Amino acid sequence: MGTGGTGEAKTTYREAMREALREALRSDDRVFLMGEDVGRYGGCFGVSLGLLEEFGPERVRDTPLSESAFVGAGIGAALSGMRPVVEIMTVNFSLLALDQILNNAATLLHMSGGQLPVPLVIRMTTGAGRQLAAQHSHSLEGWYAHIPGIRVLAPATLEDARHMLAPALTDPDPVLIFEHGSLYNVSGELLPPTAPVDLDHAAIRRPGTDISLITYGGSLPKAVAAADELAAEGVSAEVIDLRTLRPLDGAAVTASTARTHRAVVIDEAWRTGSLAAEVSARIAEESFYDLDAPVERVCSAEVPIPYARRLEEAALPQVADIVAAAHRAVD
């Protein structure tokens, strides 16, 4: 990372995640990283590159290719007082460990009457847009947001990528961090933190008065770009970054809707049974009389994500789709 005279550091999302891991490993001997190819290879997406050389194989552990086994090992380590960070290569592979996550990690604190906290962090890459075809392009964070007993994070900015891990490691419940694959190469200036990252509240990424664009993760840059286009057309769009998908900050959503009286929910997952459906339902329940138009949703097409670039782009939410949905609500 390069540093300018203002105290800002030029970095990428990938490097910000790596620095968060480095800080965690340095500051607490109980923290270790484990997963497929996290050591000698440096991580499938290069996030852990160089950490094996710095911290050694006891702290950066390559695992066999068995998600159920190494997530289970992470749960056991957390129960024993360690602070494991488990990397699952991509979200589709997390389904092989779903029994461990749902039936063990998420339930043990509750079922033990508070005696067995599971301070486990699981990181995984999510999302499409990189021509990885149907088996490696899922957006399943909404599935996990359905499960009580876990916290679900979706860092979309450099600041959240850099600073969400530290508070996640202090949570007595398991924390799942979803890193959208399209964000790893995003670069920019990273300001020094002025306060700890708040894992309980959404963030207003752009204020506005005419319509709320509500999203998270890899769709945030598209929502901001749509807001820029709308501003050029005289429509003031507020952009809400949910950041934490469970527990969901419903108060931030309803407060924004009360200000703008219109809402578009953008979610790369499929529309049916999606997190966008949950957000839309909460708006209907809590802000119905504030609305001047029906809530719009922009989601992926109800198909397995195609491999061909043009078809993939057509299946995913795009800036033009968000702008069109906003106009339907405003016009």
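## The sheet

Let's start with five strands that form an open sheet in the order 10-12-11-14-15, with mixed pairing. Strands here are DSSP runs (E, at least two residues), helices are runs of H or I with at least four residues, and both are numbered from the N terminus. Two strands pair if DSSP finds at least two bridges between them. Strand 10 (203-206) and strand 15 (296-300) stand at the edges with a single partner strand each, so one side of each has no neighbour in the sheet. From one strand to the next, the twist averages 25°.

Strand 11 and strand 14 pair in the parallel sense over three bridges. Ile214 has Val265, in strand 14, as its bridge partner.

This is a predicted model, where local features need pLDDT of at least 70, side-chain atom pairs count only at pLDDT 80 or more, and totals for chains, interfaces and linings use all residues. Residues are numbered from 1 along each chain as its sequence is written, and side-chain values use heavy atoms, leaving out hydrogens and water.

## Helices on the sheet

Helix 10 packs on the sheet and touches strand 10, strand 11, strand 12 and strand 14; its direction makes about 155° with that of strand 11. Such angles run from 0 to 180 degrees between N-to-C directions, and axes are lines fitted to C-alpha atoms, for helices over the stretch in contact. Contact itself means heavy atoms within 4.5 Å.

Which residues of helix 10 (residues 250-260) are buried? They are Gly250, Ala252, Val253, Thr254, Ser256, Thr257 and Thr260. (Buried means under 20% relative accessible area, exposed over 50%, partly exposed in between, using a 1.4 Å probe and protein chains only.) Besides strands 11, 12 and 14, these buried residues pack against helix 11 (275-286). After helix 10 comes His261, with a positive phi near 70°. Then there's helix 13 (residues 319-330), which lies across strands 11, 14 and 15 and runs at about 160° to strand 15.

## Two packed helices

Elsewhere, helix 3 (residues 67-79) and helix 4 (residues 98-105) pack at about 25°, their axes 8 Å apart. That makes the two helices roughly parallel (the cut-off is under 35 degrees; over 145 is roughly antiparallel, 65 to 115 roughly perpendicular and the rest oblique). Helix 3 brings Ser68, Val71, Gly72 and Ile75 to the contact, and helix 4 brings Gln100, Ile101, Asn104 and Ala105.

## A buried leucine

Leu165 sits in helix 8 (residues 165-169) and is buried, with a relative accessible area of 3%. Beyond its neighbours within four places in sequence, Leu165 is in contact with Ala20, Leu21, Ala24, Val85, Val121 and Ile177.
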